[in-house]
Each structure stands twice: as structure tokens, then as C-alpha cells.
Amino acid sequence: MARIWVDADACPVVIKEILFRAAERTGTEMTLVANQPVRVPPSRYIKSMQVTAGYDVADNEIVQRCAAGDLVITSDIPLAAEVIDKDATALSPRGERHTKANIRARLNMRDFMDTMRASGMHTGGPPALNQQDRKAFADQLDKWLARQKRQPQYGSK
């Protein structure tokens, strides 16, 4: 059965709450991976995993553990690219689904913005998560969960 992996260090609380309810409602296993302790509700489906501090340690753990068909929640474009290469689905907390068709353009834009910031230009951060973002996320999550219900389980006959 496909699992959900959450890049939890930067995942907004409101998105985690949507994920907690969905995992419990559907019986989908979910793991939140972070460099610091993450509180999760008591559930047989929801776990947290604390990794050591360091650049990309949580990302690397997610890439190593996720499998084809899994869902990864992340704002990190390079992490999204890596999990897409493993045939997992990558979804941002704003409800943007990263795909093989759009990930290269997003990586290029990210690199361009990094270059602009390195040259001293203030590019600002993303706007605050709003109700429309939360709805877009919940809609994309529901679509993924519905696809999982329709697909035969791995290892079943």
C-alpha cells in the first residue's frame, strides 16, 4: 500500500492537520520526517521520524525510504525532483502537484531565484498560506487518496 511522507520541518501546521485527518480517515500510513521532534496525534497510521540535523538529511531520508506510488509532501523542489524520479508523487503544501512534465522548469526557476538572491537582490518569500491554498492542497490530496483506493494493492492477487 502506498504511503505518505512529509518533509515536516517546513510543512505548515494547518497542512499537517489536514494530513492527520486524511490518514486516519483512510487508514493510510504516514510518516513525518524532520530534524526536530514533531508532535503527531496518537494513531496507528501516523508516525514521526527525527533525523540528525544537517543540510538535506531529512530530504535524503525521504528519498531513501519512499517508493513508487508513494506521496511526498514538500516545498523543496530538488526533493520533489528526486522522488518523481522514483515514480512517487510530489505535492507542495499549496496544492501544486510536481510532475515529470513541470519539475525541470520549476528547478530552473528555483536556480534562477537563488542566483538573484546571491547577487544581492531581495526576492522576498512566498505569500502566507491562505484558504485557497489549503483547499487546493486538500483537493489534490483527495485525488491521490481516491486513486489509491481504485488501484489493486501490491502483493494481492
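In which helix does glutamate 61 lie? Glutamate 61 lies in α2, the helix spanning residues 57–65. The model is a predicted one, and the rest of this text sets that residue and its surroundings in the context of the chain.

The chain holds 5 helices and 6 strands. Along the sequence these elements follow the order β-α-β-β-α-β-α-β-β-α-α. Of the 157 residues in the chain, 39% are buried. Among contacts with a separation of 6 or more, 49% are between residues 24 or more positions apart.

Strand β2 has pairing partners in β1 and β3. With β1 (residues 4–7), β2 pairs in the parallel sense over 4 bridges; here valine 6 has leucine 32 as its bridge partner. With β3 (residues 46–50), the pairing is again in the parallel sense, over 5 bridges, and leucine 32 has serine 48 as its bridge partner in β3.

Together, β1, α1 and β2 form a right-handed β-α-β unit. The length of α1 can be checked: at 1.5 Å a residue, its 14 residues should span 20 Å, and the end C-alpha atoms are 20 Å apart, so the two values agree. Buried residues in α1 are Ile15, Lys16, Ile18, Leu19, Phe20, Ala22 and Ala23. The cover over these buried residues includes β1, β2 and β3, as well as β4 (71–73) and α5 (131–150). After α1 comes glycine 27, with a positive phi near 70 degrees.

To return to the opening residue: is glutamate 61 buried or exposed? Its relative accessibility is 18%, and because the cut-off for buried is under 20%, glutamate 61 counts as buried. The side chain of glutamate 61 is joined to that of arginine 65 by a polar contact of 2.4 Å. Leaving aside residues up to four places away in sequence, glutamate 61 touches Val33, Met49 and Val51.

Notes
Residues numbered from 1 in each chain as written. Predicted model: local features only at pLDDT ≥ 70, side-chain atom pairs only at ≥ 80, totals over all residues. Heavy atoms only, no water. Pairing = 2+ DSSP bridges. Helix = DSSP H or I, 4+ residues; strand = E, 2+ residues; numbered from the N terminus. Right-handed = clockwise from strand over helix to strand, strands pointing away. Expected span 1.5 Å × (residues − 1). Buried < 20%, exposed > 50% of the residue type's maximum accessible area, 1.4 Å probe, protein only. Contact = heavy atoms within 4.5 Å. Polar contact = N/O pair within 3.5 Å; in protein donor to acceptor, adjacent residues only side chain to side chain.
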